Amino acid sequence: MLKKIRRRVKIVITKPFRKPRKPSKPSSPARDPSPSPPPSPPPPESPTLSPVPQIMPTHPFLFPEIQSTVLPDPTRFFSPHLLSAPLPTNSFFQNFVLKNGDQPEYIHPYLIKSALASLSICYPSPFSNSTFLYQVFIPDLTISSLNNTYPNSTHLVSSFSDLSVTLDLPSSNLRFFLVRGSPFLTCSVTGGVSLSISTIHAITEFCCNSTQTKYTIKLGNNQTWILYSSSPISLNCDISSITSCGFSGVLRIALLPDSDPRFEAILDRFSSCYPVSGHAILHKPFCVEYKWEKKGWGDLIMLAHPLHLKLLSADDCSITVLDDFKYKSIDGDLVGVIGDSWLLKTNPVSVTWHSIRGVKEESYAEIASAIHKDVEELNAAAISTTSSYFYAKLIARAARLALIAEEVFCIDVIPTIRNFLKETIEPWLNGTFGSNGFLYDRKWGGIVTKQGSVDSGADFGFGVYNDHHYHLGYFLYGISVLAKIDHAWGRKYKKQAYSLMADFMNLGRGPNSKYSRLRCFDLWKLHSWAGGLTEFADGRNQESTSEAVNAYYSAALMGLAYGDTHLVAVGSTLSAMEIHSAQTWWHVREDDKMYSEDFTRENRVVGVLWANKRDSALWFAPPEWRECRLGIQLLPLLPISEVLFADVGFVREFVKWTYPALAREGVGEGWKGFVYALEGIYDKEGALDKIRTLNGYDDGNSLTNLLWWIHSRDDEVGCEGEDKFCWFGHYCH
């Protein structure tokens, strides 16, 4: 057991698993000269702290710098003081800084849209059918200043963190603290602004308390909103708008859930304490701590999604869960939690080079025979693709052969695999690949590809920061295996390897960082996003959870290869969280209540999960191609896949749901292989017979890998992070 440490740490982010240093005092953010500063400005996104150790060598290697022709300009929407540090490229507020910045983002429990010097808030209503479901944006309330002389001005992001973003409307002297999971929208008003609050609905009832610090607003759509002010405010109302005289102070607006008077007392109680930012801290393995900076007085209430509730530590006596205080959400009910610090804990997962259960010796011969054939076909000169994604999959495929050869004592093939890995990996690390390669973009702070720097569609959008964890995860897998079997090579290319890893795994923040913090991983949703710098009406999205798991798993393997227990711990923790999220929001069980009845009836898996939408289709396939929908959530087939699909009952449902699609003409052999692999979890012999009849495999898979998977199955199933399958302590203690 890991020794318990005190939870009340004092800094925003520390090197995990060590006692943090005392921080220096945060500096005040730079401000646009036009508005007057609010009385209590928030800290900037990167507080001035003691230097934060990053997951990379002391002097990080940078690939050659490039001036991309396809990346958007960040200077329009980010406050100038933020531009000296790497910027987020897959964040929960990304739409706010792309194109016109006027597409909504889902800041639970509200959809938020900023446009034309105003901010609109929506408590979304769901729409669903058997193919997709999404939340409809309707501007329930729109807040702006009266008589704004710059009505077309844009907002500025003045600070951001893991759990929050602060939007300023400089021409209106309004600052919005958008903190994820807050039932209140909080706005700081300065300079005696006359306010306008409009709605597309009819205002059917409007009343205030005796001190003019609380107003109840009932709308024609049966919603009830409550407005609280830090000081008296005089509001006037007509059929669809509310206006005020000059006001300075803090406004808080919240929807009353179900317009139920029982919950009004709860909103009243917590209306005086508001969060201005929130941070996630990785301070020990398989734990994430949330800490909110709050102002005002009293206790803080926030909302937890279903996975939060599952992971909230039972030992955390500093919180209280209000089970009946709920807001509806596409991600499941959001439940009230009292407390300004949460501890989320998950069971450990196995990050191992080889199979968790082992392969029986009587199966070695069949696997060895397949290995020799697969290794004979390795030929770096014959690879025709220049895609960073498909090339990396071929590298990872060969690396799997090396590890399987170790496990079944087929050592004679490893030198050939090692040479292949060197020939394929080195050109990407030393810049000699030719038609493609890795480059460094200073504008946003990250790695792009040569092809992606001039074509936003090349390499599946890698040049605009799409799918980074997918591509680089495959590279890291190959690099980790090669460093394991060739220590001298590993030492030679360590800095390049760590640079690739840090592109999506960096924990640091501020101007000393070369990469944005956890580029793809969302520390509030607890899974990754893959959308990059492309505007989408439904926010960020992710298709393949298994490739996301592979990215963090491969980072942990790199830690094993280099003896870096810090990297092992962070990679393992993020892998565990990604797995939990996949099982919560992508895997759809027959008796699930997460999604609507019609969607659940027709789907065992989400195709593409968006911040504000669930789609049964894939980017490359229609909903009917169920074998693809299964395969994209399983590939690449690895030891950790056993943890991802530990629920045998769900696996049975999933395979049964998929099987009719295999009768369709033109189904690829590669996709069939993944279906049979999952079937092997509960029917080893039947799946093995089918795998032996395949005449083709996915480009990242092989007969060797499929046989290894089946022969490492046994009668003991369901290892969902249980300690008996987790060897984490062996590597970290």
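Predicted model: local features only at pLDDT ≥ 70, side-chain atom pairs only at ≥ 80, totals over all residues.
**Entry 1: helices H6 and H9**

The axes of H6 (residues 468–485) and H9 (residues 545–562) come within 8 Å and cross at roughly 25 degrees. I note that axes are lines fitted to C-alpha atoms, for helices over the stretch in contact, with angles running from 0 to 180 degrees between N-to-C directions. The crossing of H6 past H9 is left-handed (the near helix is turned anticlockwise from the far one by less than a right angle; clockwise would be right-handed).

I listed the contact next (heavy atoms within 4.5 Å). On the H6 side the residues include Tyr470, Gly473, Tyr474, Tyr477 and Lys484; on the H9 side they include Glu547, Ala551, Ser554, Met558 and Tyr562. By class, the residues of the contact of H6 with H9 are 15 nonpolar, five polar and two charged. For these classes, Ala, Val, Leu, Ile, Met, Phe, Trp, Tyr, Cys and Pro count as nonpolar, Asp, Glu, Lys and Arg as charged, and the others, Gly among them, as polar.

**Entry 2: conventions and totals**

I number residues from 1 along each chain as its sequence is written, and side-chain values use heavy atoms, with hydrogens and water left out. Local features need pLDDT of at least 70 and side-chain atom pairs count only at pLDDT 80 or more, while totals for chains, interfaces and linings use all residues.

I find 18 helices and 28 strands in the protein; these are DSSP runs numbered from the N terminus, helices being H or I of at least four residues and strands E of at least two. Of the 733 residues, 64% are buried (under 20% relative accessible area; exposed is over 50% and partly exposed lies in between, with a 1.4 Å probe and protein chains only). Of the contacts between residues at least 6 apart in sequence, 69% join residues at least 24 apart.

I checked S15 (residues 241–255) for cover and found 11 of its 15 residues buried. I then went through its pairings; two strands pair if DSSP finds at least two bridges between them.

- S10 (residues 184–198) runs antiparallel to S15 over 11 bridges, and Ser194 has Gly246 as its bridge partner.
- S13 (residues 224–229) is antiparallel to S15 over five bridges, with Leu227 opposite Ile253.
- S14 (residues 235–237) is joined to S15 by three antiparallel bridges, and Leu235 is bridged to Ser244. A hairpin through three residues connects S14 to S15.

**Entry 3: two open sheets**

I traced an open sheet of three strands in the order S16-S17-S21, paired antiparallel. Its edge strands are S16 (273–281) and S21 (341–345), each of which pairs on one side only. The twist averages 20 degrees from one strand to the next. S16 and S17 (residues 287–296) are antiparallel over eight bridges, and Ala280 stands opposite Tyr290.

I traced another open sheet, of five strands in the order S4-S5-S28-S27-S26, again with antiparallel pairing. S4 and S26 (541–542) are at its edges with a single partner strand each, so one side of each has no neighbour in the sheet. S4 (residues 125–128) and S5 (residues 132–136) share four bridges and form a hairpin with three residues between them. Pro126 has Gln135 as its bridge partner.

**Entry 4: helix H14**

I asked how many of the 11 residues of H14 (residues 648–658) are buried. Eight are, so H14 is largely enclosed by the rest of the structure. Among them are Phe650, Glu653, Phe654 and Trp657. The cover includes H11 (597–602), H12 (626–631) and H15 (669–679).

**Entry 5: backbone exceptions**

Most residues other than glycine have a negative phi, and most peptide bonds are trans. I noted these cases.

- His108 to Pro109 is cis, with omega near 5 degrees; Pro109 lies in the loop between S1 (105–107) and S2 (110–115).
- Leu635 and Pro636 are joined by a cis peptide bond with omega about -5 degrees; Pro636 is in the loop between H12 and H13 (641–644).
- Asn147 has phi near 55 degrees and sits in the loop between S6 (141–145) and S7 (156–161). Asn147 is exposed, at 75% relative accessible area.
- Ser259 has phi of about 50 degrees and is in the loop between S15 and H1 (264–270). Ser259 is partly exposed, at 25%.
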